[in-house]
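Q: Can we go through the ligand site and the pockets, with a reason for each label?

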Amino acid sequence: MNDCLFCKIIAGEIPSAKVYEDEYVYAFRDINPQAPVHVLVVPKEHIACANEITAENSVCVAKIFEAIPKIAAAEGLTNGYRIINCCGEDGGQTVYHLHFHLLGGKKMGESF
Ligand code: AMP
Ligand code: ZN
C-alpha cells in the first residue's frame, strides 16, 4: 500500500485538512472542492474500491456511515447532503482507496 495517496494521508506522510478521525475512519477536505462542503470519508484500512468490500472488512463501511452524520452536523449541513462513491474506471474513480464524497452547503441538482 506504499503507493496509495490516501494511505499516506492517513499516516500523516502527506498533509490534509482533517475534519474527523476515529479508530476506523479518517475524513478530510477534498483538495478540489465541488461544493461549499466537500469532505472525503475513508476507511483507515486500505480497500481499493467498493468491489473489494467483503464480510471481513465491511465493518469500516458501517463506521463510515456512522461517522457521516456527525461530520455533516459539525459542518452545519442541517438541510441535507449528498454522498457519492466512484468505483472503477466507468465510475470515474481516480484514487484507488475506497472513499465517500460528502457534499453539501448548496442545493444540488438531479444530474451527476
Ligand atoms: P475520485 O475521483 O472519486 O477517486 O475522488 C478522488 C478525490 O480525491 C478527488 O475529488 C480529488 O480532488 C481528491 N484528492 C486528490 N488528491 C487529494 C489530496 N492530496 N488531498 C485531498 N483530496 C485529494
Ligand atoms: Zn490506501
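Q: Which pocket is the space taken by ligand 1?
A: The space taken by ligand 1 is the largest pocket. A molecule sits in a pocket if more than half of its atoms lie within 2 Å of its grid points. This is a predicted model, where local features need pLDDT of at least 70, side-chain atom pairs count only at pLDDT 80 or more, and totals for chains, interfaces and linings use all residues. Residues are numbered from 1 along each chain as its sequence is written, chains are lettered from A and ligands numbered from 1 in the order written, and side-chain values use heavy atoms, without hydrogens and water.

Q: What makes a space a pocket?
A: On a 1 Å grid over the protein atoms alone, a pocket is an open set of points with protein on both sides within 12 Å along at least five of seven lines. Lining residues have an atom within 4 Å of a point. The largest pocket is lined by 19 residues, and L5, F6, D30, I31 and L40 lie nearest its centre. Its volume is about 310 Å³, a volume being the space filled by probe spheres set on the points, which are joined across faces, edges and corners.

Q: What makes D30 a polar contact of ligand 1?
A: A polar contact is a pair of N or O atoms within 3.5 Å. A side-chain N or O atom of D30 is 2.5 Å from an oxygen atom of ligand 1, so the pair counts.

Q: How much of ligand 1 does the protein cover?
A: The protein covers 82% of the 510 Å² of accessible area that ligand 1 has on its own. Such areas come from the Shrake-Rupley method with a 1.4 Å probe.

Q: Which residues come nearest to ligand 1?
A: D30, T94, V95, H99 and H101 do, out of the 16 around ligand 1. A residue is near if one of its heavy atoms lies within 4 Å.

Q: Which element gives the most to the shell around ligand 1?
A: α1 does, with three residues. Helices (H or I, at least four residues) and strands (E, at least two) are DSSP runs, numbered from the N terminus.

Q: What volume does the second largest pocket have?
A: About 170 Å³. Its lining residues include Q34, H38, R82 and H101. β4 (82–84) and β5 (100–104) each supply at least two residues of that lining.

Definitions and conventions:
Polar contact = N/O pair within 3.5 Å; in protein donor to acceptor, adjacent residues only side chain to side chain. 1 Å grid on protein atoms, 1.4 Å probe; cavity = no way out; pocket = protein on both sides within 12 Å on 5 of 7 lines; lining within 4 Å.
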